[in-house]
Amino acid sequence: MSNMNENKRINISLSKDQIILIRKFKGIMGNSDSEIIRNIVLAWLSEKSMVSSTVKDKEGLL
């Protein structure tokens, strides 16, 4: 089982326009590109109810 505090680096490729868009969120959703992308992904997962569903499923509530 992996440690909850363990970080994993994942390489992704973004177009110039995507990077420009992400950097518009600097100071709003984070201060670095990686922090902004991480928060965008978590916000999307939350919006799709995937975070709560996964936690409930893991706890046997679904």
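Me: What makes the reach of H2 close to the expected one?
Reply: H2 has 15 residues and reaches 21 Å from its first C-alpha to its last. The expected span is 1.5 Å times one less than the number of residues. For H2 that gives 21 Å, so its reach is close to expectation. This is a predicted model: local features need pLDDT of at least 70, side-chain atom pairs count only at pLDDT 80 or more, and totals for chains, interfaces and linings use all residues. Residues are numbered from 1 along each chain as its sequence is written, and side-chain values use heavy atoms, without hydrogens or water.

Me: Why is the pattern of the protein chain written α-α-α?
Reply: The chain has three helices and zero strands. Both are DSSP runs, numbered from the N terminus: a helix is H or I over at least four residues, a strand is E over at least two. Read along the sequence, that gives α-α-α.

Me: How do you know that arginine 23 and aspartate 33 meet in a salt bridge?
Reply: The definition asks for a side-chain nitrogen of Lys or Arg within 4 Å of a carboxyl oxygen of Asp or Glu. Here the N to O distance is 2.8 Å. The pair therefore qualifies. Arginine 23 sits in helix H1 (residues 16-23) and aspartate 33 in helix H2 (residues 33-47), so the bridge ties together parts 10 residues apart in sequence.

Me: What makes glutamate 47 and lysine 48 a salt bridge?
Reply: Their N to O distance is 4.0 Å. The structure holds two salt bridges.

Me: Why is glutamate 47 called exposed?
Reply: Its relative accessible area is 61%. Exposed means over 50%, buried under 20%, and partly exposed in between (1.4 Å probe, protein chains only). So glutamate 47 is exposed.

Me: How many of the 62 residues in the protein chain are buried, as a percentage?
Reply: Buried residues make up 5%.

Me: What makes the nonpolar surface patch?
Reply: Leu21, Phe25, Ile28 and Ile40 form it, with about 360 Å². Patch residues need over 30% relative accessible area and no salt bridge; nonpolar side chains (Val, Leu, Ile, Met, Phe, Trp, Tyr) are joined within 5 Å, like charges within 9 Å. Take isoleucine 28, in the loop between H1 and H2. Its relative accessible area is 65%, so it passes the area test.

Terms used: Areas by Shrake-Rupley, 256 points an atom, 1.4 Å probe, with all protein chains shown as cover.
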